Amino acid sequence: MIRPADANETAAAWRVHLEGSGPSAIVLSRQNLPVLEGTAALAGAGVAAGAYVLERESGARPDVVLIGTGSEVALCVEARAALAAAGTDARVVSMPSWDLFAARSDAERAEVLPEGVPRLSVEAGTTFGWARWADDSIGIDTFGASAPGGVALERFGFTVDAVVRRATALVGGGA
């Protein structure tokens, strides 16, 4: 399964599908998504790897890693800017495919998700399974909520402020 973040990742997902040896599913958003800076150069190899660093920290090591998938990668990019303004150095990882990422070596995975750095996943889906890759998750673990898209996303914590709060709590040792 591949959940692309933008048009560049979608094209890369299609290539993975065409060149793959087994079944694949590309899960696209209904929303209009921005084309993210950096994906034109990074998505080809990054999607094939399952996850990649879209935005690097400014220092030698990040304070926190924000892992997004699909439409939530753009939210992670926005939250990274807000965290930087508050003095927290964050890395943004786009993780369109758990399966492809899991097939990588331990060393390759550690290049993307460094050991000992708190990780927050952000996905407008269940948090089930994210414990393998993240220390905390923003997701939706209920069924049946109904509201206009923006209202529902805000209620479930898919805002820059909510991501910043959760990331800051992780850096401070809480979740």
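In strand β3, the bridge partner of G68 is S94. Helices (H or I, at least four residues) and strands (E, at least two) are DSSP runs, numbered from the N terminus. This is a predicted model, in which local features need pLDDT of at least 70 and side-chain atom pairs count only at pLDDT 80 or more, while totals for chains, interfaces and linings use all residues. Residues are numbered from 1 along each chain as its sequence is written, and side-chain values use heavy atoms, with hydrogens and water left out.

The pairing of G68 with S94 belongs to a set of 5 bridges that join strand β2 (residues 64-68) to β3, the two strands running parallel. Two strands count as paired if DSSP finds at least two bridges between them. Strand β3 also pairs with strand β1 (residues 52-55), here in the antiparallel sense and over 3 bridges. Opposite S94 on that side stands Y52.

How many of the residues of β3 are buried? For β3 (residues 90-94) the count is 5 of the 5 residues, so the strand is largely enclosed by the rest of the structure. Buried means under 20% relative accessible area, exposed over 50%, and partly exposed in between (1.4 Å probe, protein chains only). A90, V92 and S94 point one way from β3, whereas R91 and V93 point the other way, and all are buried. Strand β2 has 5 of its 5 residues buried, so it is likewise largely enclosed by the rest of the structure. From β2, V64, L66 and G68 point one way and V65 and I67 the other way, all of them buried.

The loop between β1 and β2 holds E57. With a relative accessible area of 10%, E57 is buried. Contact means heavy atoms within 4.5 Å; leaving aside neighbours within four places in sequence, E57 is in contact with P62, R80, D89, A90 and R91. A90 and R91 are residues of β3. The C-alpha atoms of E57 and A90 are separated by 5.4 Å, although these residues lie 33 apart along the chain.

The segment before α1 (7-19) contains A5, which is buried with a relative accessible area of 4%. A5 and A86, by comparison, are 81 residues apart along the chain, with 26 Å between their C-alpha atoms.

N8 has its place in helix α1 and is partly exposed, with a relative accessible area of 25%. Residues up to four places away in sequence aside, N8 touches V35, T39, A40 and A43. N8 and G116 are 108 residues apart in sequence and 31 Å apart in space, C-alpha to C-alpha.

A43, one of the residues touched by N8, is found in helix α2 (residues 39-49). A43 is buried, with a relative accessible area of 1%. Beyond four places in sequence, A43 touches N8, E9, A12, A48 and Y52. Between A43 and T10, 33 residues apart in sequence, the C-alpha to C-alpha distance is 8.8 Å.

These local details belong to a protein with 7 helices and 5 strands. From the N terminus on, its elements run α-α-β-β-α-β-α-α-β-β-α-α. Among contacts between residues at least 6 apart in sequence, 68% join residues at least 24 apart.

The overall dimensions can be set against a simple rule. The radius of gyration is taken over C-alpha atoms, and the globule rule is 2.2 Å times the number of residues to the power 0.38. A compact globule of 175 residues would have a radius of gyration near 16 Å, and the protein agrees with this because its value is 15 Å. Its C-alpha trace spans about 45 × 45 × 30 Å along the principal axes. Buried residues make up 45% of the 175 residues.

Accessible areas come from the Shrake-Rupley method with a 1.4 Å probe; for residues, only the protein chains shown count as cover. The accessible surface comes to about 9,100 Å², of which 53% belongs to carbon and sulfur atoms.
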